[in-house]
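Please work each task before turning to its solution.

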Amino acid sequence: MATITRRPIVSHLRSSSTTYVRRLRNGQVVNDGIGQSFWFVPRTSSISELPIDERELPLIFRDRTSDFQEISVQASITYRIARPSAAAERIDFTIDNTTGAWVRTPLEQIGGLLTELAQQHATAVLASLSLTEVLGQGVPALRGTLGAGLRADDRLIETGLEIVDVRVVAVRPETDMEQALQTPVREQLQQEADRAMFERRALAVEQERGISENELQNRIELAIREEQLVAQTGANEQRRVTDEAETVRIRVAAEADATEVRGRAQAATVRDLGAAKAEAERLRVAAYGDADDAVLLSLAVGDLAGGLPDIGTLVLSPDLVSSLAARFLGAAVSDSGLGGGADDEGRRALEPGDER
């Protein structure tokens, strides 16, 4: 919007670089151009201000398809005033000389014109398509038709409007119809989801079955190995017992052999000792056979003395000494052949009951 500075008689207008200003005085163009700045008399001037920058116009309208289904179209049109002089002649862009605001609503007039033209071209497209076709290919078809139709429209060209871009944001049916159309897709997606869930469950069951089979196979393998271990342990124990028994048998046999050898040696020793004793006894007996009685008596006394207990004190009486002396003297006489009377007395002296 232009900036107007008021003075008592004249006013000053200053516009921006994106506006086109046109001033008429008495029906003649006095000022005409972009970004104008001038003094003017409000009572004798008529000023028009036109924006030449790009403008966005959102559109929402309803229409019907070939199968009589209500749909709503949401679009957006970008336009600009390419020839401001032509637009100023067709649309009232006059501003108030005091405030600088538009006296009319020119932009709303342009928006209504573009909306009607866009809906007219859209109806031609939608009337030839069914609801399913519109939902499938309606957006690109409408965008191309609206762009081409608006750019070639004679009224817009004469008005000096240029269509920069046309965008179709959405084409949607009524809520009930949209839900009805979404139901088969939802059901299909739900079926696919259920199938995927069932397949996942089947795969899980298959995997569990495989795991169970592996566990069972492992248990079988462990049982077989345990059986082998028990059999090997029994075999090892049997072998150990057999080896111990064989060791004991060998040890007992060795001890028996050693005992037999020792017995034979002892028997041989005893036999040799007995033979030696017998031979010694024989020789002693033979020696005793040639000895006389006195010698035998002395030997007997010696053996007897060896078998007697220890004698601490021995008392010899005179009679005993006399008898012993007489005996020895008699023996000596006997040895010399003088007679045996003394010998007999000595023997009687040694008989039991003699006093010692």
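The exercises below concern a predicted model, and each is followed by a worked solution.

**Exercise 1. Overall composition**

Determine how many helices and strands the chain has, and what share of its residues counts as buried.

Solution. 
1. The chain contains eight helices and nine strands.
2. Of its 356 residues, 23% count as buried.
3. Taking contacts between residues at least 6 apart in sequence, 63% join residues at least 24 apart.

**Exercise 2. The sheet of S1, S2 and S5**

State the order of the strands in this open sheet and the sense of their pairing, and identify the edge strands.

Solution. 
1. The order is S1-S2-S5, and the pairing is antiparallel.
2. Strand S1 (3–6) and strand S5 (37–40) each pair on one side only, and they are the edge strands.
3. From one strand to the next, the twist averages 20 degrees.
4. Four bridges link S1 with strand S2 (residues 11–14) in the antiparallel sense.
5. Within this sheet, Arg6 stands opposite Ser11 in S2.

**Exercise 3. A loop residue**

Locate Gln36 in the chain, decide whether Gln36 is buried or exposed, and list the residues that Gln36 touches beyond four places in sequence.

Solution. 
1. Gln36 is placed in the loop between strand S4 (28–34) and S5.
2. The relative accessibility of Gln36 is 19%. The cut-off for buried is under 20%. Gln36 therefore counts as buried.
3. Leaving out residues up to four places away in sequence, Gln36 touches Leu13, Arg14, Ser15, Val21 and Asn31.
4. Ala2 and Gln36 are 34 residues apart in sequence, with their C-alpha atoms 9.4 Å apart in space.

**Exercise 4. The aromatic pairs**

How many aromatic pairs does the structure hold? Classify the geometry of the pair formed by Phe38 and Phe40 and that of the pair formed by Phe93 and Trp102.

Solution. 
1. The structure holds two aromatic pairs.
2. For Phe38 and Phe40, the distance is 6.1 Å centre to centre and the angle between the planes is 70 degrees; this pair is edge-to-face.
3. For Phe93 and Trp102, the ring centres are 6.0 Å apart and the planes stand at 65 degrees, so this pair is edge-to-face. The cut-off for that class is over 60 degrees.

| Residue | Relative accessibility | Class |
|---|---|---|
| Phe38 | 7% | buried |
| Phe40 | 2% | buried |
| Phe93 | 1% | buried |
| Trp102 | 30% | partly exposed |

**Exercise 5. The sheet of S7, S8 and S9**

Describe the order and pairing of this open sheet, then examine the hairpin of S7 and S8.

Solution. 
1. The strands follow the order S7-S8-S9 with antiparallel pairing.
2. S7 and S9 are the edge strands, as each pairs on one side only.
3. On average, neighbouring strands of this sheet are turned by 20 degrees against each other, direction ignored.
4. S7 and S8 run antiparallel and are joined by ten bridges. Leu57 stands opposite Ile77 in S8, and Arg62 stands opposite Ser72 in S8.
5. The hairpin of S7 and S8 has five residues between the strands, and there Phe68 takes a positive phi near 60 degrees.

Key
Residues numbered from 1 in each chain as written. Predicted model: local features only at pLDDT ≥ 70, side-chain atom pairs only at ≥ 80, totals over all residues. Heavy atoms only, no water. Pairing = 2+ DSSP bridges. Helix = DSSP H or I, 4+ residues; strand = E, 2+ residues; numbered from the N terminus. Axes fitted to C-alpha atoms, helices over the stretch in contact; angles between N-to-C directions. Phe/Tyr/Trp six-rings, centres within 6.5 Å; stacked < 30°, edge-to-face > 60°. Buried < 20%, exposed > 50% of the residue type's maximum accessible area, 1.4 Å probe, protein only. Contact = heavy atoms within 4.5 Å.
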